[in-house]
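Welcome! Please take a moment to look over the sequence and the 3D structure, and then let us walk through them together.

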Amino acid sequence: MVIKKNDMLNEGMYIKTLSSGAKCYIIPKSGYGEAQAIAAFNYGSNDIDFLADGKEFNSPDGVAHFLEHKLFEEEWGNVFEEFSKNGANANAFTDFNKTAYYFSCTEKFEENFERLLKFVQSPYFTEESTEREKGIIGQEITMYDDDPSWQVVFNMLRGMYFNHTVSKNIAGSIKSIADVDKDTLYKCYKSFYCPENMTVVCVGDLKPEKVFEEADRIIKKTNCKRAKTIYENEPSTVCKNYVESKMEISKSLFNLGFKINPKDINVKKVYGIKILLDLVAGSGSALYERIYKAGLMDEEPGLQFTAGEGYAFAIIAGNSNDSKKTADEIINEITILKKLGFKEEDFERIKKKHIGRFIRGFNSVDAIAMSQIELGVKGEDLFDAFQAICGMKKTYLEEILRDEFNTDSIVLSVVKQ
Amino acid sequence: MIELEELTKFNIKEGITLHYLRADKFKTNVIGILIRNELTKENATKNAVLAQVLKKSCDKYPTSYELVRRTEEMFGSVFNVSVLKKGEEQILFFYMEVLANSKVFEEGLEFLREIISKPLIKENGFDKETVEREKENLRQKIRARSDDKKEYAKLRCIEETCSNEAFGVYGDGYEEDIDSIDCNNLYDHYIDMLKHSPIEIMVCGTQSYNTENIIKKMFIQDRQNIINLKPTISEKRNNEKNEVKEKMDILQGKLCMSFRSSSESKGKGFFGMLVFNEILGAGSNSRLFNNVREKESLCYYVNSFMYRYKMILVIQAGIEDKNYDKTVKIILDEIESLKSNLVTEKEIENAKINLSRYYNGIEDYQSGIMDFYLNEYLIGSCENIKSFIEKINKVNVEDVRKAAESISVDTVYFLSGK
């Protein structure tokens, strides 16, 4: 067990690799009424083609998400109800590289924690229930198809990636999920739901030794070894620089995507790029002031950076009546900043902002748990992240801007009326 | 756990009270400044524009850009100005969240002092360009009210239910009242408010010894003839139910029904209503969910909630137009049944578990804590979170039946497709 402390945050963290191979992070929050536990598996919508038992398997798009839905069903009934009866709120989500199951409660933590760990180890899939789920997931897919804010992102990704599976809809398509059967679900479960592929995060007024003991007792060691996901080669260039879609929307929505080199993206680079984006286009930036005064946007842009195995992209997003002009302004600004670098006072101010906001994140059990699971599946933790932010240097960010933000590897995705 | 003893009140000036909620577990201090006004059609729009204008600039930071940069400089402090509707009050609400470090907290308080006491003035009025731009922004916002159909149906239902009462006034104003607002009359209105409105200041976090002093300097006007705001009262009308139907270009019909209760907004009757509402329509095990959605497949969503200040209970459902009569009948029958038949022990137990979890969870969020205490204060109830939950747990099946008995339908509003 490793005990980490951070004096500036005034927080502690307990980290242990359990006998089964699962990794467990506990962040005690004394005086908090609510506790939250998350169990996540490093298996997401990207893991479509993989090597298991020496053989290649091609699963339909959207299986990881499908599996997430079905795991809540047991032979005796639905796990959601059991959580609810015991004062807990349970949920789950699937993203590009992981599936996470979690609950929060103000009482009976041990009982609910046991429930969580047990149900993710007990797959129960039948032909009948798999068929039934297709209708429900079909409705969910349609809901996302109707949502401009989802469309604008995935259109951007499809313009950005030639081969990488990150451009596929997380839930798949109605066509792809039609091919899912119970054998597929079992196959994918056995290939990826291994303890060595599992990360557990617990946050709240908890006793770490007790939680570790419980987790160690309930998570069983297996012979399972995580399958190896197969990716095709992906060039650094993009397929299309511009993608447009028409939908029922009052103000046009845009995503300006930057394809970033996915190699060696550690926690320092992740937080560095987040700070960099804020410097370039955040609410206090000269660029945003120009864009706002020109009437191109009336709300600050959304800024995002996402990375995983074989993919990394940054997005500057927002509503604008002239997305092309706004995108040009942003690209021009980046070109200028590459030459001139950032102003010292701007860098110091934004660094302070990110330090303050990170500390503020520790107010919330949910924010801590969700941020830690994001880092935990990559073997990193929040204290690493905080140290990276505090030690951030202007020259490092300027280097990233020059080397990684290539104006050829940009995709502008627009959704308009 | 926040105990009542941890809540202390200080009188700052005539009609200005500082409520200090000590909470050591958070990383930030939150300060809320609430300038309380009567909710009237005459002033609702003015107050909405005022909040927007005060948010964008002040004398020291005359552009939105400079203002934002100042908050970033203060370690990413969060700052906002908005209008809140609490019963029949419209409150101008200044919100600031700063790191709990005393130095940064005091910088945050000083920032608020600049915003409140030294707005950007040009020739005895607010900056004209700012006012005109914010009037236009509000106009767009009001027009977009009908974008969220579910929300719109709810607003219309309340407007119809309370057509002769202040509660029916929109919290963010009316398009037709925007044009008459100008930079001078808006400024006069603000100064008036600073002189005569009761003001509550809530601080949640760790105290700084200088807090009171800086706050005193925020309010430089002579304070006299402080307005005496009447508490919001609920009234039961024994009228026939009022049916209102409107059409819009939509696929799914939005049903919204209001019910008046004769129970008080605090005390035994209130807690009975709270548990009754939970059983009736607050979760996935509720009567409405089971009988309207699961059994009859009539809707995708159905739920109930309460406007505590007016003791009005609202039921919402998204249904197909053709199922209007059937749905209304099932809902009214369900309520009739709850008036004469007792709920099961299991139902009341589950309701209490859900409510306990919700209210226990509030203590983990400063904004939740502040809102809880503000409501208790404005309503004249004196619970802390612990005693509130204790009272919930004391509710029995007869209390729930009495709560059902206390309600009667007021308005049935239906927004259907063309």
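Predicted model: local features only at pLDDT ≥ 70, side-chain atom pairs only at ≥ 80, totals over all residues.

Over all chains, the structure holds one disulfide, a term used here for a pair of cysteine sulfur atoms within 2.5 Å. Residues are numbered from 1 along each chain as its sequence is written, chains are lettered from A and ligands numbered from 1 in the order in which they are written, and side-chain values use heavy atoms, with hydrogens and water left out.

The two partners of the disulfide are A:Cys194 and A:Cys224, with their sulfur atoms 1.8 Å apart. This pair links distant parts of the chain, 30 residues apart: A:Cys194 sits in the loop between α7 (182–192) and β11 (198–204) of chain A, and A:Cys224 in the loop between α8 (208–218) and β12 (228–229) of chain A. Helices (H or I, at least four residues) and strands (E, at least two) are DSSP runs, numbered from the N terminus. A:Cys194 counts as buried, at 1% relative accessibility, whereas A:Cys224 is partly exposed, with a relative accessible area of 21%. Here buried means under 20% relative accessible area, exposed over 50%, and partly exposed in between (1.4 Å probe, protein chains only).

Now for two cysteines of chain B. B:Cys183 is in no disulfide, and the nearest cysteine sulfur, that of B:Cys58, is 18 Å away. With 12% relative accessibility, B:Cys183 counts as buried. B:Cys382 counts as exposed, at 63% relative accessibility.

Next, let us turn to charged pairs. Over all chains, the count comes to 73 salt bridges, a salt bridge being a side-chain nitrogen of Lys or Arg within 4 Å of a carboxyl oxygen of Asp or Glu. In chain B, one of them joins B:Glu176 to B:Lys41, with the closest N and O atoms 3.4 Å apart. B:Lys41 is in helix α1 of chain B, while B:Glu176 is in the loop between α5 (149–161) and α6 (183–196) of chain B, so the pair links distant parts of the chain that are 135 residues apart. B:Glu176 is exposed at 55% relative accessibility, and B:Lys41 partly exposed at 36%. The residue B:Glu42 also lies in helix α1 (residues 41–56) of chain B. B:Glu42 counts as exposed, at 65% relative accessibility. B:Glu42 and B:Asp177 are 8.2 Å apart in space, C-alpha to C-alpha, and 135 residues apart in sequence.

Another salt bridge is formed by B:Arg139 and B:Asp179, whose closest N and O atoms are 3.1 Å apart. B:Arg139 lies in helix α4 (residues 128–143) of chain B and B:Asp179 in the loop between α5 and α6 of chain B, so the pair ties together parts that are 40 residues apart in sequence. B:Arg139 counts as buried at 14% relative accessibility, whereas B:Asp179 counts as exposed at 55%.

B:Glu165 and B:Lys310 form a salt bridge too, with 2.6 Å between the closest N and O atoms. Since B:Glu165 lies in the loop between α5 and α6 of chain B and B:Lys310 in the loop between β9 (299–307) and β10 (312–319) of chain B, this pair ties together parts that are 145 residues apart in sequence.

Finally, look at where the chains meet. In chain B, 24 residues are in contact with 37 residues of chain A, contact meaning heavy atoms within 4.5 Å. The two chains bury about 2800 Å² between them, 48% of it on carbon and sulfur atoms; buried area is the accessible area (1.4 Å probe) that two parts lose on being put together, summed over both. In chain B, the residues that lose the most area to chain A are B:Lys27, B:Glu72 and B:Arg357, together 26% of what that side buries.

How many salt bridges are there between chain B and chain A? The count is six. A:Glu11 forms a salt bridge with B:Lys27, their closest N and O atoms being 2.5 Å apart. The elements that give two or more residues to the side of chain B that touches chain A are α2 (64–73), β5 (89–99) and α11 (345–362) of chain B. With five residues, α2(B) gives the most to that side.
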